[in-house]
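This briefing goes through the packing of one protein chain, topic by topic. Please keep the sequence and the structure open while reading.

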Amino acid sequence: MRIALISDIHGNRVALETVLRAIEQDAPDGIVCLGDIAAMGPDPGGALDLLQSLACPVIMGNADTELFTDPDILVSKIENPIVRDLILWTQEQLDDRRRDFVASFLPTLELDLGSGVRLLCFHGSPRSNTEIIAAETDLDALREAIDGSTATLL
C-alpha cells in the first residue's frame, strides 16, 4: 500500500491544491494529513474545506490545537505578536462546522501497509503534537519519545 503524507498546510489552500495535483499523478492508495491545517495562512476555511472533501484521516497538529485555546490564554502564552494575531484571526474565521471538523482530528494513526509494515502517523512525536523530533535529537531522547511504538515506520 502506498500512502501520501501531507502536512503543515497552514491555511494555504492554493499550495494544497498544487500538492494534491502532484499526488494525483502518483496515484497513491490513500492520503494522510499530519496536521497544522488552518492557522497562520490566508485561507484557513478554504484549506479546511478542501481537506475535508478528501475524506482522509487527519492528525491533530499543535497549530490545530491552538484554534481551541482561549484567546486570553493565547495572548499570555505566545510572545510573538505576529504569530499570536494570526492564530486569533484564524479562530475568528472558523464557523462551527469547520471547528467540528478540526475537533475530529486524531492524535495518532497507525496503518497496516501490508507485508508486515506498519506506519505510525503523528504530528511532533507519538506522545505530543508539540514535542519536536529533529535530526539532532539524541538517541536516548528519541527512544523515549517513541517508547511503546511497534510500528515499522514513524
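The model is predicted, and residues are numbered from 1 along the chain as its sequence is written.

**Nonpolar cores**
- The largest nonpolar core is made up of 23 residues.
- Inside this core, the residues with the most contacts are I6, I37, L48, L51, V58 and F105.
- At least two residues of the core come from each of β1 (3–6), α1 (13–26), β2 (30–33), α2 (44–54) and α6 (96–103).
- Another core, of eight residues, lies apart from the largest one; V32, I59, L111 and C121 are among its members.
- With neighbours within four places in sequence left aside, L48 is in contact with I37, A38, L94, R98, F101, V102 and F105.

**Aromatic pair**
- One aromatic pair is found in a search of the whole structure.
- The pair consists of F101 and F105, in an edge-to-face arrangement.
- The ring centres of F101 and F105 are 5.0 Å apart, and the angle between the planes is 90 degrees.
- The pair counts as edge-to-face because its angle is over 60 degrees.
- F101 and F105 are both buried.

**Helices α1 and α2**
- The axes of α1 and α2 come within 8 Å and cross at roughly 30 degrees.
- α1 is therefore roughly parallel to α2, as angles under 35 degrees count as such.
- On the α1 side, the residues that meet α2 are R13, L16, E17 and L20.
- Their partners in α2 are G46, A47, L50, L51 and L54.

**Hairpin of β3 and β4**
- Strands β3 (residues 109–114) and β4 (residues 117–121) pair in the antiparallel sense, over five bridges.
- G114 stands opposite V117 in β4.
- Two residues lie between the strands of this hairpin, where S115 takes a positive phi near 55 degrees.

**Q91 in helix α5**
- Q91 is found in α5, which covers residues 81–93.
- Is Q91 buried or exposed? Q91 counts as buried because its relative accessibility is 7%, and the cut-off for buried is under 20%.
- Beyond its neighbours within four places in sequence, Q91 is in contact with E66, L67, F68, T69, P71, L74 and R99.

Definitions and conventions:
This is a predicted model: local features need pLDDT of at least 70, side-chain atom pairs count only at pLDDT 80 or more; totals for chains, interfaces and linings use all residues. Side-chain values use heavy atoms; hydrogens and water are left out. Rings of Phe, Tyr and Trp (its six-membered ring) pair if their centres lie within 6.5 Å; planes under 30 degrees apart count as stacked, over 60 as edge-to-face and the rest as tilted. Buried means under 20% relative accessible area, exposed over 50%, partly exposed in between (1.4 Å probe, protein chains only). A nonpolar core is a set of buried Ala, Val, Leu, Ile, Met, Phe, Trp, Tyr and Cys residues joined through side-chain atoms within 4.5 Å. Helices (H or I, at least four residues) and strands (E, at least two) are DSSP runs, numbered from the N terminus. Contact means heavy atoms within 4.5 Å. Two strands pair if DSSP finds at least two bridges between them. Axes are lines fitted to C-alpha atoms, for helices over the stretch in contact, and angles run from 0 to 180 degrees between N-to-C directions. Angles under 35 degrees count as roughly parallel, over 145 as roughly antiparallel, 65 to 115 as roughly perpendicular and the rest as oblique.
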